[in-house]
Amino acid sequence: MPTSPATTGNSSSSGTPQAPPAILLELVDEHGNTIGTAEKLAAHQAPGQLHRAFSVFLFDELGRLLVQRRALGKYHSPGVWSNTCCGHPYPGEAPFAAAARRTQEELGISPSLLAEAGTVRYNHPDPSSGLVEQEYNHLFVGLVQAPLRPDPEEVGETAFVTPKELADRHAQAPFSAWFMTVLDAARPAIRELTGPSGGW
């Protein structure tokens with residue numbers, strides 16, 4: 001899942017190019033308590049280190065879920081469909097703040113409503129890359145009412161889908177390894193948000 005550097009700058013005072021700054025994730029125990037940090041790629045290499053993450057599910061006024069196809073340049077799960085937005089908080093950053101930040105960075109929107117929807121812990125290997133998602137994931141649901149302005153380096157395509165359209169798309173196109181786990185965990189909050197007629 002995407003995140004942003006914990007530090008900025010990639011050259012020394014002499015102008016000599018340096019390696020990009022390390023992107024750190026927050027490591028947690030099985031109860032979600034912070035126990036340290038790890039570099040992002042290292043945390044995802046098998047067998048994976050349990051770290052904090054978030055997943056966002058935004059809906060339009062018709063109760064359709066906004067899904068995105070991850071850009072082909074992504075290091076992890078490129079070109080597959082997934083939920084509205086997902087990523088990792090900076091070490092010490094509140095998951096809610098991280099969710100709002102990354103939604104703006106990836107899709108160019110600020111949700112008109114964003115609410116906590118619980119947590120889920122999972123272990124999902126990605127067969128194509130060999131990377132492993134060992135995550136303690138904070139879930140959020142909300143509404144989107146503004147036009148999307150996706151960052152092409154993050155997002156290849158977007159779509160608003162009904163439950164049936166999602167099921168059809170899921171049967172035909174590749175989705176992220178974690179998608180159904182986070183969707184199922186968020187369903188109670190999604191149903192509360194969209195109402196019984198939404199079909200979620």
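Q: Which side chain is joined to that of Arg101 by a polar contact of 2.9 Å?
A: The side chain of Glu93. A polar contact is a pair of N or O atoms within 3.5 Å; within protein, one must be able to donate a hydrogen and the other to accept it, and residues adjacent in sequence count only if both atoms are side-chain atoms. This is a predicted model, in which local features need pLDDT of at least 70 and side-chain atom pairs count only at pLDDT 80 or more, while totals for chains, interfaces and linings use all residues. Residues are numbered from 1 along each chain as its sequence is written, and side-chain values use heavy atoms, with hydrogens and water left out.

Q: How many salt bridges does a search of the whole structure find?
A: A salt bridge is a side-chain nitrogen of Lys or Arg within 4 Å of a carboxyl oxygen of Asp or Glu. The search finds 12. Glu93 and Arg101 form one of them, with the closest N and O atoms 2.9 Å apart.

Q: Are Glu93 and Arg101 buried or exposed?
A: Buried means under 20% relative accessible area, exposed over 50%, and partly exposed in between (1.4 Å probe, protein chains only). Glu93 has a relative accessible area of 17% and is buried; Arg101, with 15%, is buried too.

Q: Which residues form a salt bridge with Glu154?
A: Lys74 is one of them, with the closest N and O atoms 2.4 Å apart. This pair links distant parts of the chain, 80 residues apart: Lys74 is in the loop between strand 4 (65-70) and strand 5 (81-82), and Glu154 is in the loop between strand 8 (132-143) and strand 9 (155-161). Helices (H or I, at least four residues) and strands (E, at least two) are DSSP runs, numbered from the N terminus. Arg102 also forms a salt bridge with Glu154, at 3.2 Å between the closest N and O atoms. Arg102 lies in helix 2 (residues 95-107), so this pair ties together parts that are 52 residues apart in sequence. Arg102 is buried at 3% relative accessible area, and Glu154 at 16%. Lys74 is buried as well. A network of salt bridges links Lys74, Glu93, Arg101, Arg102, Glu105, Glu106 and Glu154.

Q: What span should helix 2 have, and which of its residues are buried?
A: The expected span of a helix is 1.5 Å times one less than its number of residues. The 13 residues of helix 2 should therefore span 18 Å, which agrees with the 18 Å between its end C-alpha atoms. An α-helix has 3.6 residues a turn, so residues three or four places apart point the same way. In helix 2 the buried residues include Ala98, Arg101, Arg102 and Thr103. Their cover includes strand 3 (51-59), strand 4, strand 6 (85-87), strand 7, strand 8 and strand 9, where contact means heavy atoms within 4.5 Å.

Q: How many bridges join strand 7 to strand 8?
A: Two strands pair if DSSP finds at least two bridges between them. Here 11 bridges join strand 7 (residues 113-125) to strand 8, and the two run antiparallel. Tyr122 stands opposite Glu135 in strand 8. The two strands form a hairpin with six residues between them.

Q: Where do a positive phi and a cis peptide bond occur?
A: Most residues other than glycine have a negative phi, and most peptide bonds are trans. Gly130, in the hairpin turn, has a positive phi of about 80°. The peptide bond from Ala46 to Pro47 is cis, with omega near 5°; Pro47 lies in the loop between helix 1 (40-44) and strand 3.
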